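Visitor: I am new to this structure and would like to learn how to read it. Could you walk me through it step by step?

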Amino acid sequence: MATHDVRITVNGAPQEGAVESRLLLVHWLRDVLRLTGTHIGCDTTHCGACTVLLDGEPVKSCTVLAVQADGREVQTVEGLEQNGTLHPLQEGFQQEHGLQCGFCTPGMLMTGRALLDRNADPSEADIRQAISGNLCRCTGYVSIVKSVEYAAAKLREGSAS
Amino acid sequence: MAPQTTPEVCGMGHSMKRKEDPRFIRGQGNYVDDIQLPGMLYLDIVRSPFAHARIKSINSENALKIPGVLAVITGETLEQYNLHWMPTLMSDTQMVLPTEKVMYQAQEVAAVVATDRYAAADGVEAVEVDYDPLPVVVDPFKALEPDAPVLRTDKEDKKDNHIFHWEVGDRAATEGALAGADVVVKQDLYIPRIHVASIETCGCVADFDRVMGKLKVYMTTQAPHAIRTVLALVAGHVGLSEEKIQVISPDIGGGFGGKVPVYPGYVLAIAASVVVGKPVKWVEDRMENLQADSFARDYHLKAELGATKDGTLTALKIKTVADHGYTDAAANPSKFPAGLFSIVTGSYDLKHAFAEVDGVYTNKPPGGIAYRCSFRVTEAVHTIERLTDIMAHELKMDPADLRLKNFVPADKFPYKSVLGWEYDSGNYHGALEKAMERIGYAELRKEQADKRGRGELMGIGISSFTEIVGAGPSRTFDILGLKMFDSCEIRVHPTGKATARFGTKSQGQGHETTYAQVLAEELGIPAAHIEIEEGDTDTAPYGLGTYASRSTPTAGAAGAMAARKVRDKAKKIAAYLLEVSEDDLEWTPGTFSVKGAPQKSKTIQEIAFAAYTNHPPGMEGGLEAVSYYDPPNLTFPFGSYICVVDIDRGTGEVKIRRFVAVDDCGNIINPMIVDGQIHGGLTMGMAPALLEEISYDENGNISGGSFMDYLVPTAMETPRWETDKTVTPSPHHPQGAKGVGESATVGAPPAIANAVVDALAHLGVRHIDIPITPEKVWRILKDKGAGL
Amino acid sequence: MIPSAFDYHAPDTLDEAVALLERHGDEAKVLSGGQSLLPLLKLRLGDAGHLVDIGRIPGLTGITEADGYLRIGGATREADLERSDLIREKYPILLDTAAVIADPLVRNRATVGGNLAHGDPANDHPATMLALDAEVVARGPRGERTIPITRFFTGLFATALAPAEILTEIRIPVPPPRSGGAYVKLERKVGDYATAAAAVQVTLGGQGEIARIGIGLTNAGPTPIEATAAEGSLRGRQPDAAAIAEAARLAADATSPSADRRGSVEYKRDMARVLTGRAIHKAVQRAGGQ
């Protein structure tokens with residue numbers, strides 16, 4: 001079985017190790033690094049529970065090989081909070097009831113983060129479109145949209161002051 | 001109802017931010033697949049490609065050669081321990097692993113135990129199974145024909161595929177009333193197989209400690225206590241004893257009914273752990289989840305509704321064939337093989353009704369669980385709400401007028417329905433009138449008429465549902481004999497903070513928050529200072545779990561009752577501390593004070609401290625209480641929904657333009673959470689109305705068995721729900737609450753179906769079975785010459 | 001869901017990649033975005049002993065206009081198409097297409113070249129490229145060659161690419177003034193393949209007549225379909241309602257869809273008609289016509 005030495009920056013910290021060719025990025029994050037915030041919800045690249053940022057773009061980590069991330073930067077939900085301060089999205093999800101069972105939440109947060117990095121003032125349609133690769137079975141999405149809007153407003157406020 | 005407590009105490013009526021969120025928003029939830037124990041092994045399952053086949057042989061040789069593969073478990077292995085069959089919740093039997101034949105596609109055939117997931121998956125592929133296909137029975141009507149192959153050959157006396165007959169109501173009187181009715185409408189309906197598809201699939205980690213003989217199972221279960229008892233009953237003969245079984249339901253990524261049953265995978269992981277003495281993890285993948293776990297619905301109905309010509313509904317008769325798959329593994333209360341289908345008279349004051357259901361075996365996976373609904377209530381509501389609309393069209397009455405004319409009036413509650421339920425409270429006119437006002441019903445009807453004139457298709461659909469939740473009173477409600485009460489245990493600590501444990505298990509409903517608010521309401525201790533625990537059978541009091549919207553009506557009520565016991569004791573302590581008689585004290589949330597001398601008072605925190613430091617002579621120390629709450633009745637949440645749809649005449653696509661939901665779930669514990677529950681419920685109501693279905697071809701091959709074809713809606717298909725409420729408290733729940741988690745799932749499908757049919761009614765359309773796909777609409781348009 | 005074991009190669013150059021493909025023959029597969037290939041491998045529906053990842057080879061991405069062509073690197077992500085100002089301004093048909101492929105997360109990985117080279121008639125770009133009369137550039141052991149898109153799709157999941165060839169670029173003739181295009185897709189939900197979809201690119205003549213037209217259809221048969229009879233019926237004609245309806249009907253006649261959960265043969269055929277009509281209408285509008 002072929003293995004590869006990889007060096008992947010995860011949430012800002014370099015991680016090194018040997019991975020089997022077929023090891024999926026999501027399993028490397030969850031089972032090897034024990035970053036279990038990234039979840040698995042389907043087999044067919046539909047649900048988005050496994051969404052992480054790969055070089056800043058949200059991708060489904062069940063459909064990326066760990067070795068494909070070699071030399072790249074991965075951000076997971078565990079990296080959102082910085083120095084004890086929640087990311088405005090995290091705050092927004094709690095304030096606006098953007099989560100219920102919490103299983104899709106890490107993926108939603110990462111997708112939301114990439115959206116806000118690109119678009120500081122997304123419309124409801126922009127948000128709905130951006131999260132359309134992330135399934136949620138609990139919330140009916142209404143409050144998720146509000147949570148992202150909350151975070152966008154807060155981020156704009158922060159950059160204005 | 002305005003909150004009675006301050007925002008600091010945060011009792012009922014406050015939109016408290018959820019206490020569970022801090023861990024979830026940081027990715028620190030602890031779901032079953034997150035659990036990793038030292039030396040843990042992985043179990044993966046070989047599944048049948050055939051829907052009905054004899055197993056000729058299973059060859060594990062190649063699988064066992066794969067590095068990391070430790071064992072292959074087959075039905076024969078389990079047979080040695082008499083563990084190859086297990087009972088279902090409906091007292092039928094279900095295979096853990098087959099020894100003779102498989103009965104549905106994707107059925108478990110063998111299990112591979114390996115050192116990691118990858119090796120286990122390779123092992124599954126390498127197990128060779130030789131099958132001899134048998135005739136497949138897919139259609140439940142064909143299954144009932146005299147020459148149909150008998151599927152349950154394991155049951156010696158079984159000569160057909162009929163499981164049960166259940167009926168309720170007066171058949172003769174109903175038929176008489178129908179014969180005498182001015183107008184009778186008849187409709188066949190099929191409510192298809194669907195799947196809850198919680199985003200977290202099912203799984204467990206079984207950890208058997210050989211030295212202590214203790215089995216700890218972390219499990220995706222909505223009912224940990226009942227599961228523990230079932231495990232003790234099923235595996236008692238191999239040495240598992242209830243006090244040595246600890247079932248832990250950690251964070252659960254959505255349940256919706258799908259995590260009530262015991263699936264073979266759980267039993268296999270437990271058996272493997274007991275045999276090898278190491279922790280064993282089994283987590284199914286999505287396709288296994290959709291293809292093999294319990295389904296919901298699959299009801300074939302024939303319904304008749306009678307009315308006078310002025311629009312008074314008089315009689316309802318329903319005949320149903322229920323396809324249960326190869327075993328009756330529904331998760332109903334034992335005395336209700338068709339669940340609470342007898343709520344089928346709905347919100348209407350019907351004088352005559354009769355319903356019957358026949359359960360049938362077919363070569364499909366077992367189930368008949370709920371899909372975010374209280375035991376077949378969705379089936380009932382869909383039937384009566386569709387029939388009511390058909391009747392309205394037949395009578396050329398506005399569907400709103402017909403409903404308003406026939407609602408059980410507010411002054412008739414508690415209302416005894418003709419099929420035997422006592423509805424606790426309701427104000428049906430209030431909810432529908434509010435929904436009509438909010439959506440602008442009259443203007444929409446005008447717009448519709450204008451659009452029809454231009455050849456455009458829009459429809460307005462109403463659903464005025466009555467739910468029946470909170471199972472249930474122990475005189476009638478049990479599962480495998482276990483009475484369906486629920487429980488709460490409260491410990492108030494010396495510094496006035498509290499820990500409370502419940503017999504239920506949240507799967508996203510926010511119990512850690514709402515239960516704290518329930519107790520805060522009763523005790524005046526800030527909800528922020530009340531820690532809620534559930535899901536560990538070693539610590540939590542016994543309860544039947546969370547499903548059927550029962551947590552608030554049962555465990556929530558137990559919380560209120562236990563809190564009142566605490567308060568009663570606190571009052572005694574306060575009287576002692578203030579040197580007055582108990583009768584001289586009055587309670588405002590959090591404080592006992594002397595009547596007429598409010599400066600003389602003791603806070604609950606002071607009283608709690610005294611309970612451990614200075615309690616009255618002759619009284620036991622401490623401040624704790626337990627309640628096992630046996631509800632006197634079920635609760636009957638209700639609501640009226642109105643949906644507006646536009647139809648694309650070229651493609652047949654249905655677009656929900658607006659959807660207004662007015663719900664009444666009695667007194668509200670946390671308005672924010674109630675809104676969230678309704679949003680989610682509406683989405684899970686829309687999904688089967690327009691998108692989701694699992695079906696089978698004539699060979700029993702599943703279709704819709706992955707997220708490729710099982711169409712869980714995204715944010716793009718889901719409309720922006722508009723919610724509103726009325727409040728009609730339950731007279732028997734201690735806090736007047738009713739439960740809300742499933743109302744919207746139950747109420748939404750007929751609102752949508754009625755809207756689509758309404759859009760096409762002028763073409764003579766009276767019914768379309770759900771899911772209403774673009775092709776179904778297109779075909780109608782084509783047949784009626786109304787397409788593009 | 002876990003794929004069978006394979007070996008992974010990440011060559012730095014095209015030559016190296018081609019050599020790897022040659023060496024491993026049938027056992028090797030090109031890994032581009034992986035959004036079709038990896039799910040297949042996870043479901044164990046496909047098998048590959050060796051994956052040759054072209055994602056680290058420089059020069060395979062980019063969206064530029066040069067020498068009369070729009071050149072899209074084979075490994076260009078769908079998301080890059082969506083965000084390209086050039087595409088947004090001059091190639092609305094490609095924007096339409098990229099925006100409805102799978103879902104936004106998948107589009108951050110999925111590549112335009114992969115969408116074509118997979119040979120899946122359910123993919124969206126084949127129809128678009130047929131409408132645009134594109135050509136693809138392939139690099140193989142014997143160097144580089146150009147394949148007209150009309151000869152690219154040879155069967156179900158089969159293309160004109162030789163086993164050791166890699167799709168390196170897509171070339172689309174820069175449309176003349178008064179051109180417009182549209183892609184109209186009917187899908188059951190976001191993330192689904194098309195029940196049916198139509199891609200139409202037109203150029204209008206001086207009198208507003210259709211001077212040039214390309215019509216491609218998605219998921220309408222075992223290969224992506226160019227509706228040539230429909231194209232012919234409109235060429236030289238004014239795109240009035242009757243002419244569009246006639247072309248749409250001819251497009252439907254060109255289909256041979258198979259029934260599945262997305263719809264019956266009859267429905268899919270009729271959707272090809274309806275969507276073609278809508279796509280023509282939109283393309284003409286975008287070209288500045290009526």
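Visitor: Into which domains is chain A divided?

Guide: Please keep in mind that this is a predicted model. Chain A has domain 1, covering 3–78, and domain 2, covering 88–156. Taken over C-alpha atoms, the centres of domain 1 of chain A and domain 2 of chain A are separated by 21 Å.

Visitor: How many residues does each domain of chain A bring to the contact?

Guide: Domain 1 of chain A brings 16 residues and domain 2 of chain A brings 13 residues. On the domain 1 side, strand E3 (51–54) and strand E4 (57–60) of chain A each supply at least two residues. The largest share of that side, three residues, is from E3(A). By class, the side of domain 1 of chain A that touches domain 2 of chain A holds seven nonpolar, eight polar and one charged.

Visitor: Let us move to chain B. How many helices and strands are there in chain B?

Guide: Chain B contains 19 helices and 35 strands. Along the principal axes, the C-alpha atoms of chain B fill a box of roughly 85 × 75 × 50 Å.

Visitor: What does the radius of gyration of chain B agree with?

Guide: The idea is to set the value beside the one for a compact globule with that number of residues. For 788 residues, such a globule would have a radius of gyration near 28 Å, and chain B has 27 Å, so the two agree. Another thing to look at is how far apart in sequence the partners in a contact are. Among contacts in chain B between residues at least 6 apart in sequence, 80% join residues at least 24 apart.

Visitor: Which residues have the most contacts inside the largest nonpolar core?

Guide: They are B:Leu43, B:Val112, B:Leu519 and C:Ala251, in a core of 417 residues. Helix H15 (residues 551–578) of chain B gives the most to this core, eleven residues. Take B:Leu519 as a case: leaving aside residues up to four places away in sequence, B:Leu519 touches B:Ile490, B:Ala498, B:Ala500, B:Ile525, B:Ile530, B:Gly559 and B:Ala563.

Visitor: How many residues of chain B are in contact with chain A?

Guide: In an interface, count the residues on each side, then ask which elements supply them. Here 43 residues of chain B are in contact with 40 residues of chain A. Helix H1 (21–24), helix H9 (286–292) and helix H17 (671–690) of chain B each supply at least two residues of the chain B side. H17(B) gives the largest share of that side, seven residues. By class, the chain B side has 16 nonpolar, 16 polar and eleven charged residues.

Visitor: And how many residues does the contact take from chain C and from chain B?

Guide: That contact takes 14 residues from chain C and 19 residues from chain B. Helix H11 (residues 265–286) of chain C provides the largest share of the chain C side, three residues. The chain C side divides into seven nonpolar, three polar and four charged.

Notes. Residues are numbered from 1 along each chain as its sequence is written. Chains are lettered from A and ligands numbered from 1 in the order in which they are written. This is a predicted model: local features need pLDDT of at least 70, side-chain atom pairs count only at pLDDT 80 or more; totals for chains, interfaces and linings use all residues. Two residues are in contact if their C-beta atoms, placed from the backbone, lie within 7 Å. Helices (H or I, at least four residues) and strands (E, at least two) are DSSP runs, numbered from the N terminus. Ala, Val, Leu, Ile, Met, Phe, Trp, Tyr, Cys and Pro count as nonpolar, Asp, Glu, Lys and Arg as charged, and the others, Gly among them, as polar. A nonpolar core is a set of buried Ala, Val, Leu, Ile, Met, Phe, Trp, Tyr and Cys residues joined through C-beta atoms within 7 Å. A residue is buried if 20 or more other C-beta atoms lie within 10 Å of its own, exposed if 12 or fewer, and partly exposed in between; C-beta atoms are placed from the backbone. The radius of gyration is taken over C-alpha atoms; the globule rule is 2.2 Å times the number of residues to the power 0.38. Domain bounds come from an automatic or database domain assignment.
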